[in-house]
Amino acid sequence: MESVQRPTSNIGNGPNGQHTKERCGSFQMPLHYPRHTRAEYETMPEWKLDCLLREYGLPITGDVEQKRKYAMGAFLWSR
C-alpha cells in the first residue's frame, strides 16, 4: 500500500491568520436555525427557498412545491 501525499493546506494563510475559502470550502453552518412559520413557507418565493436551502447545504432540486415541502420537513418541528 502506498502513502498518498496531500497538498499543503491554507490554514492561517488568509488575512490576520484566518482560514481561507480554499481551505474551508463553500459551506459554512449558519449560526441560527430558521424560524419561519408554516404559512411563511407556503407563500415563500422560490428564490428565497433556494437561498435558505443553499445556506444550510441542502439540495435545491425540483419545482417550487417540492422545495417548499422539503424545507418544511427539514425546518418545521411539531409542537
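Me: Let's start with Trp77. Is Trp77 buried or exposed?

Reply: Keep in mind that this is a predicted model. The idea is to look at relative accessible area, where over 50% counts as exposed. Trp77 comes out at 66%, so Trp77 is exposed.

Me: Which ring does Trp77 pair with, and how do I describe such a pair?

Reply: A pair of aromatic rings is described by the distance of the centres and the angle of the planes. Here Tyr33 and Trp77 sit 6.3 Å apart, centre to centre, with 75° between the planes, an edge-to-face pair. Tyr33 belongs to the loop between α1 and α2, while Trp77 is in the segment after α4, so this pair ties together parts 44 residues apart in sequence.

Me: How many aromatic pairs does the structure hold?

Reply: Three. One of them joins Tyr33 and Phe75, again edge-to-face, at 5.8 Å centre to centre and 80° between the planes. That pair links distant parts of the chain too: Tyr33 is in the loop between α1 (21–24) and α2 (38–43), Phe75 is in helix α4 (residues 64–75), and the two are 42 residues apart. Taken as a group, ring pairs link Tyr33, Tyr56, Phe75 and Trp77 into a cluster.

Me: What are the accessibilities of Tyr33 and Phe75?

Reply: Tyr33 is partly exposed, with a relative accessible area of 36%. Phe75, on the other hand, is buried at 6%.

Me: Now α4. Which residues of α4 are buried, and where do they fall around the axis?

Reply: Start from helix geometry. An α-helix has 3.6 residues a turn, so residues three or four places apart point the same way. In α4 the buried residues are Lys67, Arg68, Ala71, Met72 and Phe75. Looking down the axis, you find these within an arc of 130°, so they line one face of the helix. Lys69 and Gly73 are exposed on the other side of α4.

Me: What do the buried residues of α4 pack against?

Reply: They pack against α2 and α3 (46–55).

Me: And how do I check the length and the start of α4?

Reply: For length, compare the end-to-end reach with what you'd expect. α4 has twelve residues and reaches 16 Å from its first C-alpha to its last, close to the 16 Å expected at 1.5 Å a residue. For the start, look for a side chain that caps the N-terminal end. Asp63 does that for α4, with a side-chain oxygen 3.2 Å from the backbone nitrogen of Glu65.

Me: Over to α3, then. Which residues are buried there?

Reply: Leu49, Asp50, Leu52 and Leu53 are buried in α3. Their arc around the axis is only 165°, which puts them on the same side of α3. The buried residues of α3 pack against α2 and α4.

Me: Last one: how does Tyr70 sit, and which residues is Tyr70 in contact with?

Reply: Check location, accessibility and contacts in turn. Tyr70 is found in helix α4 and is partly exposed, at 39% relative accessible area. Leaving aside neighbours within four places in sequence, Tyr70 is in contact with Leu53, Leu58 and Pro59. Tyr70 and Leu53 are 17 residues apart along the chain, and their C-alpha atoms are separated by 9.0 Å.

Definitions and conventions:
Residues are numbered from 1 along each chain as its sequence is written. This is a predicted model: local features need pLDDT of at least 70, side-chain atom pairs count only at pLDDT 80 or more; totals for chains, interfaces and linings use all residues. Side-chain values use heavy atoms; hydrogens and water are left out. Rings of Phe, Tyr and Trp (its six-membered ring) pair if their centres lie within 6.5 Å; planes under 30 degrees apart count as stacked, over 60 as edge-to-face and the rest as tilted. Helices (H or I, at least four residues) and strands (E, at least two) are DSSP runs, numbered from the N terminus. Buried means under 20% relative accessible area, exposed over 50%, partly exposed in between (1.4 Å probe, protein chains only). The expected span of a helix is 1.5 Å times one less than its number of residues. The arc is that of the directions from the helix axis to the C-beta atoms. Contact means heavy atoms within 4.5 Å. A polar contact is a pair of N or O atoms within 3.5 Å; within protein, one must be able to donate a hydrogen and the other to accept it, and residues adjacent in sequence count only if both atoms are side-chain atoms.
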